[in-house]
Amino acid sequence: MEKIFESGLWSSRFMVLMAVIFGLIGAVALFIVASFDIYDTAKLVINTYVNHHHPEHFHELVVGGIIGAVDLYLIGVVMLLFSFGLYELFISDIDAAREDATRENKILSIHSLDQLKDKISKVIVMVLVVGFFKKVGLASYQTPLELLYLALSITAVAVGLYFLSKVGHNH
C-alpha cells in the first residue's frame, strides 16, 4: 500500500507540466505581441519620415513603443526561465541543453528553487527598471526640484542594479 501511494505521489509531479506548457505559451504570446509592437513602431517611423510629418511627441511615442516591447520581451524571458526551471526541477534535466556544450553561459540551467527564484527575481527587477525609465522618458520636468528628483531616482536605480549584480557572485 505504501509503495503504491509513494509511486502515485511521485508521479503527481507531472502536474507541473501544465505550468511548463502554459508558461511557454505565455512566453511565445508575449514575444509575438512585443514583436508586433516593434513592427508598429517601425511602421510609424517610416510613415512619418516618408510623408514628412512630425506628430507631436513623436520621439516619446517611438521610445515608449520600443521600451514597452522590451518590457514584454523581458516578461517573456521570465516565463521561459519559469518553464525551464520547473521542468528541470520536477521532471528531468533537459538533455538538449546538456548536449550543447559550446555554450558557456548556463542561464537556463537551474538546480534549486532558490536558483530559479533568484534568476526570475533579477529579470523582474529589470522589467521594473525598464518600466521606470519608460515613465521617466514620458514625463515632463518644469522645476529644478523635479530634475533633482529625477537625478536622485536614476541614481537610486543605478545603485540598486549595482548591488543586484553583486548578489550571488560569492557562492
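**Helix packing in a predicted model**

Start with helix 5, residues 113–138, and helix 6, residues 144–166: their axes come within 12 Å and cross at roughly 165°. What I am showing is a predicted model, so please keep that in mind. An angle over 145 degrees counts as roughly antiparallel, and helix 5 and helix 6 are therefore roughly antiparallel to each other. Their crossing is left-handed.

Which residues make this contact? On helix 5 they are Lys122, Val125, Met126, Val129, Phe132, Phe133 and Val136. On helix 6 they are Leu150, Ser153, Ile154, Val157, Leu161 and Leu164. By class, the contact of helix 5 with helix 6 has 11 nonpolar residues, 1 polar and 1 charged.

Next, helix 3 with helix 5. Here the axes come within 9 Å, and the crossing angle is roughly 170°. Helix 3 and helix 5 are therefore roughly antiparallel to each other as well. The residues in the contact of helix 3 with helix 5 divide into 19 nonpolar, 5 polar and 4 charged.

Helix 2 passes helix 3 in a left-handed crossing. The contact of helix 2 with helix 3 counts 30 nonpolar, 7 polar and 1 charged residue.

Now the rings. How many aromatic pairs does a search of the whole structure find? It finds 3. One of the pairs is Phe31 with Tyr73, which is tilted, with 5.8 Å centre to centre and 45° between the planes. Phe31 sits in helix 2, residues 16–50, and Tyr73 in helix 3, residues 58–90.

Last, the record. Where does UniProt place the "transmembrane region" annotation? The entry, which is unreviewed, gives residues 12–34, 61–82 and 147–165. In the model, residues 12–34 are 83% helix and 0% strand, and the end C-alpha atoms of that span lie 35 Å apart. Residues 147–165 are 100% helix and 0% strand, with 27 Å between the end C-alpha atoms.

How values were computed
Residues are numbered from 1 along each chain as its sequence is written. This is a predicted model: local features need pLDDT of at least 70, side-chain atom pairs count only at pLDDT 80 or more; totals for chains, interfaces and linings use all residues. Side-chain values use heavy atoms; hydrogens and water are left out. UniProt positions are given in the numbering used here, feature names are shortened, and annotations may be inferred rather than shown by experiment. Helices (H or I, at least four residues) and strands (E, at least two) are DSSP runs, numbered from the N terminus. Axes are lines fitted to C-alpha atoms, for helices over the stretch in contact, and angles run from 0 to 180 degrees between N-to-C directions. Angles under 35 degrees count as roughly parallel, over 145 as roughly antiparallel, 65 to 115 as roughly perpendicular and the rest as oblique. A crossing is left-handed if the near helix is turned anticlockwise from the far one by less than a right angle, and right-handed if clockwise. Contact means heavy atoms within 4.5 Å. Ala, Val, Leu, Ile, Met, Phe, Trp, Tyr, Cys and Pro count as nonpolar, Asp, Glu, Lys and Arg as charged, and the others, Gly among them, as polar. Rings of Phe, Tyr and Trp (its six-membered ring) pair if their centres lie within 6.5 Å; planes under 30 degrees apart count as stacked, over 60 as edge-to-face and the rest as tilted.
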